[in-house]
Amino acid sequence: RQKLLCNSSNVIYLVYCKKCNLQYVSSTTTELKVRSRNKKSSMKMNKKTCKVVIHFNRTLHMLSDFTF
């Protein structure tokens with residue numbers, strides 16, 4: 001088992017919607033901080049890049065509703 005850091009790559013991660021009590025699991029080969037930043041940017045720009053972003057933009061959410 002390894003420590004997970006913001007600059008960790010090749011990880012499986014979970015995004016949790018506190019408002020809806022939903023979990024989204026995904027993986028990334030890029031650094032976790034880069035992936036998180038890209039998700040947040042997609043949410044703000046109303047892109048349809050993945051299920052968690054679509055969920056965010058389909059219903060009324062704020063970034064604070066999600067934990068990465």
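The predicted model has an average pLDDT of 91 for the protein, with 100% of the residues scoring at least 70, where pLDDT is the predictor's confidence in each residue on a scale from 0 to 100. Because the model is predicted, local features require pLDDT of at least 70 and side-chain atom pairs count only at pLDDT 80 or more, whereas totals for chains, interfaces and linings use all residues. Residues are numbered from 1 along each chain as its sequence is written, and side-chain values use heavy atoms, with hydrogens and water left out.

Strands β1 and β2 pair in the antiparallel sense over seven bridges, pairing being assigned if DSSP finds at least two bridges between two strands. The two strands form a hairpin with four residues between them, and N21 in the turn has a positive phi of about 60 degrees. C17 stands opposite L22 in β2.

I12 lies in strand β1 (residues 11-17) and counts as exposed because its relative accessibility is 67%, the classes being buried under 20% relative accessible area, exposed over 50% and partly exposed in between (1.4 Å probe, protein chains only).

The structure holds one salt bridge, defined as a side-chain nitrogen of Lys or Arg within 4 Å of a carboxyl oxygen of Asp or Glu. This contact joins the side chains of E31 and K33 (3.8 Å, N to O); E31, at 30% relative accessibility, counts as partly exposed, and K33 counts as partly exposed at 40%.
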